[in-house]
Amino acid sequence: MQIEKAYMAAGVWGLFIPKNQQFFNLFNQSSTINVEMSQLLYKAVSGESKHEENMQFNQIDRLKLQGNDVKHKVYLASAKAFISPFARNDMYALASALNSVCDHIHVASRRIHMYQSDHITPSIKELSSLVLETSIELDYSVKALNNLKNSDAISALCNKIKQLEHYADTVYSKAVSLIMANEKSSVELIKYTEILGALEKATDRCEDATKVIESIIIKNK
């Protein structure tokens with residue numbers, strides 16, 4: 001960026017770039033945590049061992065705490081920083097959006113774990129897979145922010161996330177319709193609809209994060 005070149009010319013490059021890299025590292029760490037959580041979630045709904053499933057859910061709980069910690073680190077660092085890679089309110093927004101993805105993956109995992117469903121439907125597996133896909137694409141988008149000149153590539157990644165989220169909406173709607181038509185137990189109906197809803201909302205939060213990223217790109221062109 002031009003401001004980085006200016007500080008290099010002024011001989012103070014080393015004073016400011018580490019701070020910028022610190023922020024990028026934190027954002028990258030946050031998006032990586034989301035990918036790791038979604039991978040564990042997908043493994044949990046795809047496996048056959050209850051012991052391994054419980055271990056995966058417990059690991060998701062631990063990663064959730066790490067995600068919260070990263071968000072707070074961004075807030076604290078932003079408040080103290082003399083210069084940052086982009087506007088402070090955008091940094092807060094991005095940290096919050098990424099942590100919201102973390103929160104909703106955790107909610108989905110807790111619902112599946114809490115209900116101890118013995119029958120993971122194909123739609124639950126498919127939505128879990130879509131949570132993983134959107135998390136991975138979001139991770140690519142966040143890491144690409146290290147160079148804001150990559151605006152076209154970042155926009156393409158954001159569009160991919162929107163397409164995946166739209167498909168998740170379709171999977172969710174069809175799954176809920178199918179369950180409502182065939183499930184006789186109201187208790188089981190509530191369980192499955194809550195699980196499906198939590199998974200779909202996790203993909204929604206990935207799309208929400210793309211709106212923050214796109215806003216950052218526009219402001220820094």
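Predicted model: local features only at pLDDT ≥ 70, side-chain atom pairs only at ≥ 80, totals over all residues.
A salt bridge, for today, is a side-chain nitrogen of Lys or Arg within 4 Å of a carboxyl oxygen of Asp or Glu.

Let's begin with helix H7, residues 186–219. Glutamate 188 and lysine 191 join their side chains in a salt bridge there, with N to O at 3.4 Å. The two residues sit 3 apart in H7, about one turn of the helix.

Staying in H7, have a look at aspartate 208 and arginine 205. Their side chains meet in a salt bridge of 2.8 Å, N to O. Here again the spacing is 3 residues, so about one helical turn separates the two. Aspartate 208 is partly exposed, with a relative accessibility of 29%. Which residues make up the network of salt bridges here? Arg205, Asp208 and Lys211 are the ones linked.

Across the whole structure, the search finds 10 salt bridges. One of them pairs aspartate 103 with lysine 64, the closest N and O atoms being 3.2 Å apart. Aspartate 103 belongs to helix H4 and lysine 64 to helix H3 (residues 50–80), so this pair ties together parts that are 39 residues apart in sequence. Aspartate 103 is partly exposed at 26% relative accessible area. Lysine 64 has 15% relative accessibility, and because buried means under 20%, lysine 64 counts as buried.

While we are on H4, which spans residues 88–115, find serine 109 in that helix. Serine 109 is buried, with a relative accessible area of 1%. What does serine 109 touch, leaving aside neighbours within four places in sequence? The contacts are Leu41, Phe57 and Ile60.

Last stop: helices H5 (residues 122–144) and H6 (residues 151–182). Their axes come within 9 Å and cross at roughly 165°. Angles over 145 degrees count as roughly antiparallel, so that is how H5 runs relative to H6. The crossing is left-handed. On the H5 side, the residues in contact include Leu127, Leu130, Leu138 and Tyr140; on the H6 side, they include Ile161, Leu164, Val171 and Tyr172. Sorted by class, this contact has 15 nonpolar, 3 polar and 5 charged residues.

Terms used
Residues numbered from 1 in each chain as written. Heavy atoms only, no water. Axes fitted to C-alpha atoms, helices over the stretch in contact; angles between N-to-C directions. Helix = DSSP H or I, 4+ residues; strand = E, 2+ residues; numbered from the N terminus. Parallel < 35°, antiparallel > 145°, perpendicular 65-115°, else oblique. Left-handed = near helix turned anticlockwise from the far one by under 90°. Contact = heavy atoms within 4.5 Å. Nonpolar A, V, L, I, M, F, W, Y, C, P; charged D, E, K, R; others polar. Buried < 20%, exposed > 50% of the residue type's maximum accessible area, 1.4 Å probe, protein only.
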